[in-house]
Amino acid sequence: MLGGGLLAGFSVLSLLTYGYLAWDAAGDPEGASRSRAGQLRAGPEAEPPATSQPHLIFILADDQGFRDVGYHGSEIKTPTLDKLAAEGVKLENYYVQPMCTPSRSQFITGKYQIHTGLQHSVIRPTQPNCLPLDNATLPQKLKEAGYSTHMVGKWHLGFYRRECMPTQRGFDTFFGSLLGSGDYYTHYKCDSPRMCGYDLYENDNAAWDHDNGMYSTQMYTQKVQQILASHNPRKPIFLYIAYQAVHSPLQAPGKYYERYRSINNINRRRYAAMLACLDEAINNVTLALKRYGYYNNSVIIYSSDNGGQPTAGGNNWPLRGSKGTYWEGGIRAVGFVHSPLLRNKGCVCKELIHITDWFPTLITLAEGQIDEDTQLDGYDVWETISEGRRSPRVDILHNIDPIYTKARNGSWAAGFGIWNTAIQSAIRVNHWKLLTGNPGYSDWVPPQSFSNAGPSRWHNERVSWTAGKTVWLFNITADPYERLDLSSKYPEVVKQLLHRLSEFDKTAVPVRYPPKDPRSNPNFNGGVWGPWFKEEDKKKKSSKNKADNKQKKNKSKKKPNRRKGHSFSCFAGG
């Protein structure tokens, strides 16, 4: 527990003052032999690169907990991640969003959720919804700068129209899944009973030819190797590798379970096996970058999309909360940058960085252009990471979700008349973090929790809620574990942050969260999840709207006469 004297030292003035907070293919004989072969022939790596533009490799893990990496003290061994991070820059004040779609949309647009309409939940398979088409995407901007752009893995940004597909949003090629989860071997996903379909795509078509029962982590890695082998390393490439692992369902090849027999908790053991396989996959991606001549002119970024889910084996200790929450355990992520181009290597960066920052950072690295009228929420943080300079970022809007108002005791009064505290929201400004509404599951889940057979025996530190509480304030620099709420001690700081929330809210666009569309059923689409909104549907809807509008206009012409005292019987008798 932190001493009260340390925390008391931070006053309202703190709001105005900035603060922060031997390589081989181990366990993979085939990978090891490939590694030796790559070392024996220098290949293209020995040649000087033809372009000054670096190869950009962004690797996104799914649901990896904050503790679930070797260098954060995990019992799960991640030698590849540990080595890449140790030789690069570890990001230890790095934030993402609490769920899949929000993190992915902010990465690919450089904008907060409130500025794309995706501020509520995730995009469901049956919703006619996708990343708004009027938003420029990262791969589109990189293509303009001369890059070849490729995506492998999980999309989860909507697909109800063909225009929403990855290949229509800037990627030259796409191989992966459109939905948020699915079976790792069969690549099938059931959203509800009798609503099941196949979810593996190559570009714009179902990849039936790849339906050979291969585990997705290994299959995606194999695809990345093929892309690297066929591309010319003297021309810049952007690779977005969005692994399915370690998201549920908890599945992994049998050999990865052997080293974790000592973990009694079955979900944790399965999760550990999945993470071990993922770590090996990233080793093989790195070896391929070296073998085919990309590595010396590459920037590799690794990130989780959100915190871990304890009920599915993930662990965020010592942070509070889990995936789907705005506590630190839901939004503070494992992240690092590995690159021969870094000026300072083997460092830890404690400057404030957010997932929206990758958009302007990568475009600048690529020598691309950002339109002057583009309103971004991200910052170029390359000098912060590479040279150890201060971050240009001093705040993060974690989110404002006007639909999620489950805090029964929330009110305008609790928000000093500035903000309705029933609304789920969270914001970080310098040292301070404010949460309103219902932030979500708030326990601390220590590693010992996973030593037993089931969740009913977990030794969680449970939180006893104060009746009616809908506002929390923490000094995250001094108290990163969110153990001491300071909202009653510093009401003026609370008011200032509520004002900041209110200002952000004025810039928000309407929420896009449409109801389920029965036409999305894969049974109507050859058993495949895919675009169902056809152009003729759009034309029919447009024609219907025109007819409806015409009918309304005709009715409106008669209304003034009725207001003057006329009736239809008068016209009939005239």
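User: What makes Cys130 and Cys164 a disulfide?

Analyst: Happy to walk through this one. The S to S distance for Cys130 and Cys164 is 2.2 Å, and a disulfide is a pair of cysteine sulfur atoms within 2.5 Å, so the pair qualifies. This is a predicted model, where local features need pLDDT of at least 70 and side-chain atom pairs count only at pLDDT 80 or more, while totals for chains, interfaces and linings use all residues. Residues are numbered from 1 along each chain as its sequence is written, and side-chain values use heavy atoms, with hydrogens and water left out.

User: Why is the disulfide of Cys130 and Cys164 called left-handed?

Analyst: The torsion about its S-S bond is about -55 degrees, so this disulfide is left-handed.

User: How many disulfides does the structure hold?

Analyst: There are two disulfides. Cys190 and Cys196 also form one, with sulfur atoms 1.9 Å apart, and that link is right-handed, with 110 degrees about the S-S bond.

User: Why does Cys190 count as partly exposed?

Analyst: Good one! Buried means under 20% relative accessible area, exposed over 50%, and partly exposed in between (1.4 Å probe, protein chains only). Cys190 has 46% relative accessibility, so Cys190 is partly exposed. Cys196, at 26%, also counts as partly exposed.

User: And what makes Cys277 buried?

Analyst: Cys277 has a relative accessible area of 2%, so Cys277 is buried. Cys100 is buried too, with 4%.
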